[in-house]
Amino acid sequence: MTPVDRVHLGVGSIDSEVGARIGGRPPQVFAGQPILQTHEYLLTLGTHTAPWLGARELSVFIRRGFTIGDDDLEYPDIGLRAVLHPPSSRSAESAGGHKGLGSAALINLPAEGEVMPLVLIAQQPVLIQNEPSYADAVEADGHRFLFQINEEGWPVVAEPQPEFVEEYLFGYGSVYFYGSADATGLVREVVPGFLDF
């Protein structure tokens, strides 16, 4: 990927039932699945958002009750899950939704813009602590960086509107996702690597 191939996603002003989106009701494909008993839905990257997705979508979930004071902050036991799945619109049911998070479409932002994206898809992560060793364990298992969720990219909401996110999920930091690809360049699995804040 060259710099122009970087994908910057931010929170849109309207919601979407399909495609790249954040918060609200999880994708229908997860209805009745065990993950909704233990985790809350965060966001979905729509098909072809990144070259490694192809025609699949990727949804991210956070363990219910997760805080940065917990022990599950690093690979392989980090309290987040990333699940590849067929394209799926939002479920009619709200089960598994994150109560402290608004619901909106994720929209493309200019890659050369000054605004920090909520989601950055690139070849290299943008680290907060500048500690590449945080990725040692996940890279040792053959995974490469795919994308990050950076809380600096949450929308700034003018009063008196409610905040889009009630409290920072990652300590106003970033969570970094890694994966391993097949010969065609499509990822076989996506795993959360670490938090940086």
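Q: Is glutamate 40 buried or exposed?
A: This is a predicted model, and in it glutamate 40 counts as buried, at 13% relative accessibility.

Q: Which side chain does glutamate 40 meet in a salt bridge?
A: That would be arginine 64, with an N to O distance of 3.7 Å. The two sit 24 residues apart, glutamate 40 in strand E3 and arginine 64 in the loop between strands E4 and E5. Arginine 64 is partly exposed, at 34% relative accessibility.

Q: What about arginine 63, what does it form a salt bridge with?
A: Arginine 63 pairs with aspartate 70, and their closest N and O atoms are 2.7 Å apart. Shared partners join Arg63, Asp70 and Asp72 into one network.

Q: How many salt bridges does the count come to?
A: Six. One of them links glutamate 17 and arginine 25, at 2.6 Å between the closest N and O atoms.

Q: Switching topic: which residues have the most contacts inside the largest nonpolar core?
A: That core has 39 residues, and the ones with the most contacts inside it include Ile22, Trp52 and Phe147. There's also a second, separate core of eight residues, with Tyr176 and Val191 among them.

Q: And what is isoleucine 22 in contact with, leaving aside its close sequence neighbours?
A: Its partners include Val11, Leu42, Arg90, Trp154 and Phe164.

Q: Last one: how much space lies in the largest pocket?
A: About 230 Å³. Of its 18 lining residues, Phe66, His98, Glu167, Tyr168 and Leu169 are the closest to the centre. The lining has seven nonpolar, five polar and six charged residues.

Methods
Residues are numbered from 1 along each chain as its sequence is written. This is a predicted model: local features need pLDDT of at least 70, side-chain atom pairs count only at pLDDT 80 or more; totals for chains, interfaces and linings use all residues. Side-chain values use heavy atoms; hydrogens and water are left out. A nonpolar core is a set of buried Ala, Val, Leu, Ile, Met, Phe, Trp, Tyr and Cys residues joined through side-chain atoms within 4.5 Å. Buried means under 20% relative accessible area, exposed over 50%, partly exposed in between (1.4 Å probe, protein chains only). Contact means heavy atoms within 4.5 Å. On a 1 Å grid over the protein atoms alone, a cavity is a set of points where a 1.4 Å probe fits but cannot get out, and a pocket is an open set with protein on both sides within 12 Å along at least five of seven lines; lining residues have an atom within 4 Å of a point. Grid points are joined across faces, edges and corners, and a volume is the space filled by probe spheres set on the points. Ala, Val, Leu, Ile, Met, Phe, Trp, Tyr, Cys and Pro count as nonpolar, Asp, Glu, Lys and Arg as charged, and the others, Gly among them, as polar. A salt bridge is a side-chain nitrogen of Lys or Arg within 4 Å of a carboxyl oxygen of Asp or Glu. Helices (H or I, at least four residues) and strands (E, at least two) are DSSP runs, numbered from the N terminus. Lists of a residue's contacts leave out its neighbours within four places in sequence.
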